[in-house]
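Biologist: Could you take one part of this fold and walk me through it closely, starting with how you name the pieces? I would like to see how that part is built and what surrounds it.

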Amino acid sequence: MTTTRFSCGALRASDAGAAVELSGWVNRRRDHGGLIFIDVRDREGVTQIVFDPQHPSFKDAEHLRNEDVIRVTGTVRARPAGTENAALKTGDVEVGVDSLEILNRSQTPPFQINNDAKVDDNLRLEYRYLDLRRPRMQYNLRMRHRIIKAMRDFLDGRGFLEIETPMLMKSTPEGARDYLVPSRLFPGEFFALPQSPQLLKQILMIAGFGKYMQLARCMRDEDLRADRQPEFTQLDVEMSFVSQEDVLETMESCIRYVWKQCLEIDLPPFPRLTHEESMTRYGVDKPDLRFGLELHDANHVFAGTDFVVFKSVIESGGAIVALRYPNGASLSRRDFDALTDDAKQAGAKGMVWVALGADGVKSSAQKFILDEHVARLRELTAAETGDALLLFADARASALPVAGRMRNLVGARCGLADPAVFSFCWVLDFPYLEVDPETGKKFPAHHPFTSPGPGQWAYLHDEPLKMRAQHYDMVLNGYELGSGSIRIHKPEEQRAIFEMLGMTPQQIEEQFGFFIRALEYGAPPHGGMALGIDRIAMLACGEDNLREVIAFPKTQTARDLMMGSPATVPEQLLRDLYLRSTPPEQPTSR
């Protein structure tokens, strides 16, 4: 009988009687009534194999341990009635072993691989090659592959060309620190690893390619968090002769195609919010729309109040923002004190709470929260008995973001953010500029290659902070998936933006002269977007940390625990690069 090679997830009841070969890792071993049952695992799944004590390979099977690598041949048979395993795709069959080859022995793993038990994150990263064998990680990386493939398929069908851009580039200011690469051939000069292919993809439009895409690897030397890594992958897209609407339609259609292909979910059209609307209603520019709890301007509620805090905010043109806390009246005073501390950590100077209990109204400002205020607040926020109200008073630019952070906190504590729901939206019409609160210096909210919106150039010289950009963000469940914009395509307009940002002609030439010259040779109108693959995969897989969808991530201190990097290098290599390593001075002990 001919033996056929199968993966460990492929056998079904229809294969009964077939002679097969399986290779994989020992997932679990059980001795039952003289028989040895072993679950053998590969990336496709698990198959149960059975060793009979009369068979010569039985003695070798007695010494198998988890994670040993084996190859077996045998015959597929139906499992005895009542022993089927509905949790496995192969659960109706087993393989009676004819031969066993032990390909490699494994040491005892530092943690269990055949389940998803909680393991210390640093241990997982140190033994990443073992962690990646776990079913959850295998699923996540397979899903990531499918997402990327679906993106490529969709854009290829729309005529996009995948064009690679270099990893060694010129250092240009893009808002984060560059990773620098010293040049051996040009002492004292450096390449930079790309923060993004922004200028190169625009140059590809100038070169006439029309529709570009790339799964681009990007690096930024910045502090990390759960949804950020020093190196990341983005779907990079650029198009010529398009409007903002063209880009939004293309990217939304791409994501809807991905969700249908990979998750079998038909997404509805994405709602659109202006930046101003998003900040006013949700306090953030990346709103989580899985739940309501919209913010409310309560200035009119407290018109004429004697409460000094509220009165001074109203008189100075600030905002009193109200947030409903469902069933929050059941919180204790200690709970409200802790919630106030949370608000202060979010940037609030303080917080006033009002508990609408069945036995009456209680407040942290009991003396100043009158019955008429409570009645107006109930009407404003649609609060019911049993709810609480949280009030934040400050300058509008401070009160809204604080209230937005607290909205997310309340939504999470009340279980309002359903992890099985995907609520996408677009946020449009961002301010063109932001201001550094410490230095007062203006800088682009996105990047300086973004075109101001129609009619916005009029503000350039006299009132630049009023300018709105043709910039757009795609948001999912409170995460920014990516940003894009319509670009400036006229050289004189690009120079004007650089000058408005305070750059001298010499600085413009040194940093962006090559790009200005490219614009002078007939640049078409163009625009595009970049979507973060890591965040998309994280949310599609139901994870809350990027490390769970990246094969070899860094820690939050940007270290690779498996390879032990970054690490020192031989002194000769530094000399070849004309570099000297100078450790930071240690503080003098006394």
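Modeller: Happy to! The names first: helices are DSSP runs of H or I with at least four residues, strands are runs of E with at least two, and both are numbered from the N terminus. Please keep in mind that this is a predicted model.

By that count the chain has 15 helices and 23 strands. Of its 590 residues, 46% are buried, and the C-alpha atoms fill a box of roughly 95 × 75 × 65 Å along the principal axes. Among contacts with a separation of 6 or more, 66% are between residues 24 or more positions apart.

The part I would pick is an open sheet of five strands. Its order is β13-β14-β17-β15-β16, and the pairing is antiparallel. At the edges are β13 (296-297) and β16 (360-363); each has a single partner strand, so one side of each has no neighbour in the sheet.

Two bridges connect β13 to β14 (residues 319-325) in the antiparallel sense, and His 296 sits opposite Ala 322 of β14. On the next step, β14 and β17 (388-394) run antiparallel and share seven bridges. One of the pairs there is Tyr 325, whose bridge partner in β17 is Ala 388. Going on, β15 (residues 352-357) meets β17 through four bridges, again antiparallel; here Trp 353 stands opposite Leu 390 of β17.

Most residues other than glycine have a negative phi, yet the phi of Ala 382 is positive, near 60 degrees.

Helix α11 (residues 396-413) covers β14 and β17, and its direction makes an angle of about 5 degrees with β14. One nonpolar core of 45 residues is the largest, and Leu 235, Ile 255, Trp 259, Phe 424 and Met 474 touch the most other members in it. Helix α6 (residues 244-263) is its greatest contributor, with eight residues. Another core, of 23 residues, lies apart from that one; Ala 319, Phe 336, Leu 400 and Val 402 are among its members.

In α7 (residues 275-282), His 275, Ser 278, Met 279 and Tyr 282 are buried. These four span an arc of only 105 degrees around the axis, which places them on the same side of α7. An α-helix has 3.6 residues a turn, so residues three or four places apart point the same way. Their cover includes β12 (272-274), α11 and β18 (424-428). After α7 comes Gly 283, with a positive phi near 80 degrees.

For contrast, here is a place outside the sheet. Is His 461 buried or exposed? His 461 lies in the loop between β20 (442-444) and β21 (471-476), and its relative accessibility of 69% makes it count as exposed. Its C-alpha atom is 48 Å from that of Arg 146, a residue 315 positions away along the chain.

To put the picture together: β17 pairs with β14 over seven bridges and with β15 over four, and helix α11 lies across both β14 and β17.

How values were computed
Residues numbered from 1 in each chain as written. Predicted model: local features only at pLDDT ≥ 70, side-chain atom pairs only at ≥ 80, totals over all residues. Heavy atoms only, no water. Pairing = 2+ DSSP bridges. Contact = heavy atoms within 4.5 Å. Axes fitted to C-alpha atoms, helices over the stretch in contact; angles between N-to-C directions. Buried < 20%, exposed > 50% of the residue type's maximum accessible area, 1.4 Å probe, protein only. Arc of directions from axis to C-beta. Core = buried A, V, L, I, M, F, W, Y, C linked by side-chain atoms within 4.5 Å.
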